[in-house]
Amino acid sequence: MKVLETYEGTIQRELYSADAIAGAIERLACEIAADFRGQPLLLLGVLKGALYVVTDLARAIACVENGPSEVVVDYLCVSSYGNETRSSGEVRLLKDTTETVTGRNVVLVEDIVDNGLTLEYLNALMAERKPATLRSCVLFDKPYHRRVDVPLGYVGLQCPDEFVVGYGLDYQEVFRNLPYLAQLQPWVFQSE
Ligand code: IMP
């Protein structure tokens, strides 16, 4: 797949192709649609990383027969990384949901779970608001440095113990629009 030339020089290897990601999203959509058959569903995308996951997932759910009665998409925005490849461990809420969470079937949609602190923080924040049900959906699971035992409702793909970019995931805000998941060349991080 052709991508920006400046990106090509920085990519060490492709980890999951755009097709593999699309397949995982379809599978997640089937699982979620079956669990919420005939019921209303609120998908909460965690920005910025989940920007593609939540939009692709919402459309994929619409294509599953006998799925939820309706799907509402909303977003919240958190920051835990700053500009480094290791999490600071401190999660900050930059933008809250605009939808009310109380009494609704909520699925939190995350791009990747690494140490688990972001999801733990968001689970606690949403649970306080008393949703009818609360589950999480993560596209990539990176379990090697987990610091908290956070329940993962729906999991797309396993991620190697690497800092990865693409399909919403960034390094210093760049590479989010790469259509596949990739590992960067080590020299990219040398300025850290
Ligand atoms: P956690 O709190 O360590 O589980 O990390 C959650 C957030 O960190 C994710 O939503 C991502 O935005 C970011 N993150 C974790 N691992 C990576 C990675 O390999 N590349 C880019 N962002 C990552």
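What span should the 18 residues of helix α2 have, and how far apart are its end C-alpha atoms? Before I answer, a word on the model. This is a predicted model, where local features need pLDDT of at least 70, side-chain atom pairs count only at pLDDT 80 or more, and totals for chains, interfaces and linings use all residues. Residues are numbered from 1 along each chain as its sequence is written, and side-chain values use heavy atoms, with hydrogens and water left out.

Now the helix. Helices here are DSSP runs of H or I with at least four residues, strands are runs of E with at least two, and both are numbered from the N terminus. Helix α2 covers residues 18-35; at 1.5 Å a residue it should span 26 Å, and its end C-alpha atoms are 26 Å apart, so the two values agree. The expected span is 1.5 Å times one less than the number of residues.

Next, the sides of α2. I21, A24, I25, L28, A29, I32 and A33 are buried. Buried means under 20% relative accessible area, exposed means over 50%, and partly exposed lies in between, with a 1.4 Å probe and protein chains only. An α-helix has 3.6 residues a turn, so residues three or four places apart point the same way.

On to N105, in strand β5, residues 105-113. N105 counts as buried because its relative accessible area is 9%. Its side chain makes a polar contact of 3.3 Å with the side chain of Q39, and also reaches the backbone oxygen of P40 at 2.9 Å. A polar contact is a pair of N or O atoms within 3.5 Å; within protein, one must be able to donate a hydrogen and the other to accept it, and residues adjacent in sequence count only if both atoms are side-chain atoms. Leaving aside residues up to four places away in sequence, N105 touches F36, Q39, P40, L41, L42, A132 and T133, where contact means heavy atoms within 4.5 Å.

Last, some backbone details. K130, in the loop between α4 and β6, is not a glycine, and its phi is positive, near 55°. K130 is exposed, because its relative accessibility is 60%. Y167 is not a glycine either, and its phi is about 50°. Y167 sits in the loop between β8 and β9, and at 8% relative accessibility it counts as buried. Finally, a cis peptide bond, with omega about 0°, joins L47 and K48.
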